[in-house]
Amino acid sequence: VLLIMTDDQGFAVPSTFGGVIPTPALDRIANSGLRYTNFHSVAVCSATRAALITGRNHHEMGFGTVSETATGYPGYNSIMTRDKATIGKILKDNGYRTSWFGKDHNTPDFQASQAGPFDQWPTGMGFDYFYGFVGGDTNQWQPNLFRNTTAIYPFQGNPGWNLTTAQADDAIDWMKRINALSPEQPFFVYYVPGGTHAPHHPTKEWIDKISRMHLFDEGWNKLRETIFANQKKLGVIPPDAKLTPWPKDMLKEWDALSAAEKKMFIRQVEVFAAYAAYTDHEIGRVIQAVEDMGKLDNTLIIFISGDNGNSVEGTMLGTPNEVAAVQGVHLPVEAQLKDFYDIWGSDLTYPHMAIPWTWAFDTPFSWTKLVASHFGGTKQGMAISWPKVIKDKGGIRWQFHHVIDVVPTILEATGIPAPKVVDGLEQKPIEGVRMVYTFDKQNANAPSAHKTQYFEVTGDHAIYHDGWMASSKVVEAPWNNAGEA
């Protein structure tokens, strides 16, 4: 089982769902399996991830917010209790070797140091092996990196080293090692890279490659129209779908910008796109390694594009330093052009892009990451392949599903029942439903098995039921007038 999820990517980022950024790895899984067009996240990182690996709603897991802003209140304390075992723990107890590569945003912030305790680190939650970082994001050039619970520094004295590639290398090495030592051993890989959460840190090779494609020269308004047309051609939105209006009262239109603004904003989005393409490329290497081992035919691959909608933490202007922007320091475009244009995305920056690009990458929906009541915050493109089982290759599925449905789907696929007791503790029920029924072409248009689902982040909320959505009205943007998230 290979469970992949990227970070901070709206529905319209990948080419697989109409985007202009090439994502051949996600395309590969979709073309050899199924595209899911009505799959949902929680709208913020930690919450989605807690729900994804346990099959329970995020408040049930203590993640009504991200770990860095946890409180002492139930549902918001960032503590995942032992009566709700992770999929890593369940599979490990049933003979699988389990691993976690990339972002761990589910360790409580107050336990995320070398002092521990480590029971809520990946290796304490049922994963045999962890290679990645703890927290919301990290510098991809010089990351806060761990192997299991030991800090490591492979980038020192190694110019050009980047975590995006190193993570793929480590995952491939781990899978090959398991396969060499015990070819019959089933394994579970949870692969969650930092891309494309800020900082946007692709290599120069990828920045140059995307820049030469001139994908964004016509601006963010035209980008939305292009993506919308692509989505209809692909059939991932209904033919009679309507594009949500551009929020003119909040976001500038492209034609109203100065030449300097256009130049800087194009640079920002090209680096973001390079990071997305680079991340997808390295994921493709991991998938290819599974095929090279002769195991692809009987490997269930679930590939989710983004743990929430595209991010608004970049402010209205974009920023060469996301941390400074969050603290209210906003660098004018002229200063960005003068001091950071040529080094944007390098290890001398910690960059993010302007919010209007974010809105465009959530096409055709409105709103963004942090907004739980609208699909711009929660709709994620997803593809699933399992060549031995899924025969409707390239098929599209419209059924409503949610990240809590992934664990029960993996359990049904592996033939493992949800445990009633783990390590002597009675388990709380898994709340998700199984998606395996959608694998059969005869069920392509079957009613969704997931009938009701609530959404809530920082008070913004909605509830879905059987095709209908009741949403709170967003009366304020999730950023202030300066553009600070």
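**Cavity, pockets and salt bridges**

Guide: The largest cavity in this predicted model is lined by T6, Q9, P14, T23, L26, A276, T279, D280, F303 and S305.

Visitor: What makes these residues the lining of the largest cavity?

Guide: A lining residue has an atom within 4 Å of a point of the space, so T6, Q9 and the others listed with them meet that cut-off. Helix 7 and strand 8 each give at least two of the lining residues, and helix 7 has the largest share, three residues.

Visitor: What makes the space of about 820 Å³ a pocket?

Guide: A pocket is an open set of points with protein on both sides within 12 Å along at least five of seven lines, so the word marks an open space. This one, of about 820 Å³, is the largest pocket. Of its 35 lining residues, V44, V66, T69, E313 and L370 are the closest to the centre. The lining has 15 nonpolar, 11 polar and nine charged residues, and helix 8 supplies the largest share, three residues.

Visitor: Which residues are closest to the centre of the second largest pocket?

Guide: The second largest pocket holds about 390 Å³ of space. P238, A241, F365, F375 and K379 are the closest to its centre, out of 20 lining residues. Strand 2 (34–40) and strand 16 (468–471) are the elements that give two or more residues to that lining.

Visitor: How do you know that D8 and K369 form a salt bridge?

Guide: Their side chains meet at 3.1 Å, N to O, and the cut-off is 4 Å, so the pair qualifies. The two residues are 361 apart: D8 is in the loop between strand 1 (2–5) and helix 1 (24–32), and K369 in the loop between helix 10 (355–360) and helix 11 (375–378). Both are buried, so each has under 20% relative accessible area.

Visitor: What makes E313 and K369 a salt bridge?

Guide: The closest N and O atoms of E313 and K369 are 3.2 Å apart, which is within 4 Å, so this pair also meets the definition. Both E313 and K369 are buried.

Visitor: Why does R285 with D169 tie together separate parts of the sequence?

Guide: The closest N and O atoms of this salt bridge are 2.7 Å apart. R285 lies in helix 7 (residues 259–292) and D169 in helix 4 (residues 163–181), so the bridge ties together parts 116 residues apart in sequence.

Visitor: Why does R285 count as partly exposed?

Guide: R285 has 28% relative accessibility, and partly exposed lies between under 20% for buried and over 50% for exposed, so R285 falls in that class. At 37%, D169 counts as partly exposed for that reason too.

Visitor: How many salt bridges does the structure hold?

Guide: There are 23 salt bridges. Among the residues involved, D7, R49, K103 and D307 are linked in a network.

Methods. Residues numbered from 1 in each chain as written. Predicted model: local features only at pLDDT ≥ 70, side-chain atom pairs only at ≥ 80, totals over all residues. Heavy atoms only, no water. Helix = DSSP H or I, 4+ residues; strand = E, 2+ residues; numbered from the N terminus. Buried < 20%, exposed > 50% of the residue type's maximum accessible area, 1.4 Å probe, protein only. 1 Å grid on protein atoms, 1.4 Å probe; cavity = no way out; pocket = protein on both sides within 12 Å on 5 of 7 lines; lining within 4 Å. Points joined across faces, edges and corners; volume = space filled by probe spheres on them. Nonpolar A, V, L, I, M, F, W, Y, C, P; charged D, E, K, R; others polar.
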